[in-house]
Amino acid sequence: MNRKRGVCILELKEVNDEQLILSKKYGNSGTAIATPKSEAEIAEILQAAKKDGKKISVMGRGTKRGYGGLKEKYDLALSLVNYKGIVEHTVGDMTVTVRAGTTIAELQDYLRKHDQMVSIDPSWPQQATVGGVIAANESGPKRLKYGSARDLVIGLRVVYPDGRIIRTGGKVVKNVAGYDMNKLFIGSMGTLGVISEITMKLRPTPKYESLVLLSVAEEHVDELKSFIIEIQDSIIEPATLELVNPSLSKKLLDREEFTLLIAFEDVENAVHYQEEWVEEHKPKGAITTCLSVKDANTFWERFSLIQPNSLTDDDHNERVEVVLKIGSKNMDVLDILKEAQRIHYGGNGITIEAHGGLGHGISYFHLIGHEEVIKSSILQMRDFVDTKRGYVTVKHLPFKLRQEINPWGENPSYFFLFEGIKRKIDPENTLNHKRFIGGI
């Protein structure tokens, strides 16, 4: 164990916490790991790194190390796993300020005592940190009702690569002063600064909730389109309209059919009214099952664990596991999931577990197969999604394959703006070098 200017830096071989043992499979690690416990220590580490020309990999617990990045190892991995806790909670204003290393589950458990919640449902809430979720702009099926991480943040504290500490936004919901600098850092994958504190707006916990499972045979999946349009034109307000492909439906529900997950969160009478509406308007031949509060919560807990991450994926697994994030027009999700079925049935030994939001247009594919099949399947999906004017980001992929497949795809036409911002804020490429689009 080395100590420099009061900052604890552990050699990798000395790290005993299984959450911090960084395998070589995903890269984005370091020859040593620092676990600061204060913002001042974070700033001190960055100042020293900039002075010595060192490169730093920034992470929370490390769940997203398979998400982007063309460097296997940095000089230092900076983990915020020990920089956690609630800084300020204003119950009446329904805002909370939290340190970046706090996990989503820890934050939700705290807020639940006050009948409040942060309205975000990313994968692996027990492991995913608030800082990591914000840096990657993560979201889940309830993005339909609540939006993404970007929609929740009203203020940030960020440590710049040179150690300066800045504050963006504010601590109240109605804040219109100046430029919205929050958007600059949310989704930037830690390439512009280390997010140290996050202020978010809250919601009251739902008075009642349920989940309607609506299943249709594969040959009738197109009939869902008019049903979804009818829902969106109606007075009902589902929290999710998430379509699950037969493979994932079989795994979660023992139904090998397309299944639409329709969640409701409201007062009990309103929820039951909306359940009845679905039953009355469902497509002919569709089968529905309604899960009430406890069973619905249990289902969503299982659902949050379906995607692998770099802490859960087995290093010795002969088959590769990959997660794709696909953005498209919301109704194109139907065609994209049907294309997944075509690849799945292609006789090449690949398994695809997929789901997509028919209200927000974000889909996730979990691909399991051998390397060559995985690579060809990713290219097939990119070609198909291009015809829909969408995009495919590879958000979980071993480092070896990231050398062959660009996780971000083609650079967008506005890429020069990203380059200019990175050059201005981090000219020495101190933070997460080559982690983001175009090798930024």
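Predicted model: local features only at pLDDT ≥ 70, side-chain atom pairs only at ≥ 80, totals over all residues.
Trainee: Where does Asp 254 lie? And is Asp 254 buried or exposed?

Mentor: Asp 254 lies in the loop between helix H7 (246-253) and strand E17 (258-266). Its relative accessibility is 58%, so Asp 254 counts as exposed. The cut-offs are under 20% relative accessible area for buried, over 50% for exposed, and partly exposed in between (1.4 Å probe, protein chains only).

Trainee: Which residues of H7 are buried, then?

Mentor: Pro 246, Ser 247, Leu 248, Ser 249 and Leu 252. They pack against strand E16 (240-244), E17, helix H9 (293-303), helix H10 (333-344) and strand E20 (351-357).

Trainee: What about Trp 124? What is its phi near?

Mentor: Near 50°, a positive value in a residue other than glycine. Trp 124 sits in the loop between strand E10 (116-117) and helix H3 (130-136). Why is Trp 124 called buried? Because its relative accessible area is 18%.

Trainee: New topic. How many aromatic pairs are there?

Mentor: The count is 9. The rule: rings of Phe, Tyr and Trp (its six-membered ring) pair if their centres lie within 6.5 Å; planes under 30 degrees apart are stacked, over 60 edge-to-face, and the rest tilted. Take Tyr 160 and Phe 185: their ring centres are 6.2 Å apart and their planes are at 45°, so that pair is tilted.

Trainee: Which parts of the chain does that pair link?

Mentor: Distant ones, 25 residues apart. Tyr 160 is in the loop between strand E11 (153-159) and strand E12 (165-169), while Phe 185 is in helix H5 (residues 182-185). Tyr 160 is buried at 11% relative accessible area. Phe 185 is buried too, at 1%.

Trainee: And how are the planes of Phe 299 and Trp 300 set?

Mentor: Edge-to-face, at 75°, with 5.3 Å centre to centre. Both residues are buried.

Trainee: Which residues do ring pairs link into a cluster?

Mentor: Tyr 67, Trp 408, Tyr 414, Phe 418 and Phe 436.

Trainee: Back to helices. At what angle do H6 and H8 cross?

Mentor: The axes of helix H6 (residues 224-232) and helix H8 (residues 268-281) cross at roughly 145° and come within 11 Å. Axes are lines fitted to C-alpha atoms, for helices over the stretch in contact, with angles from 0 to 180 degrees between N-to-C directions.

Trainee: Which residues make the contact?

Mentor: Phe 227, Glu 230 and Ile 231 of H6, with Trp 277, Val 278 and His 281 of H8. Contact means heavy atoms within 4.5 Å.

Trainee: Last one. Where is Glu 301?

Mentor: In helix H9. Glu 301 counts as exposed, at 55% relative accessibility. Its C-alpha atom is separated by 28 Å from that of Ile 343, 42 residues apart along the chain.

Terms used: Residues numbered from 1 in each chain as written. Heavy atoms only, no water. Helix = DSSP H or I, 4+ residues; strand = E, 2+ residues; numbered from the N terminus.
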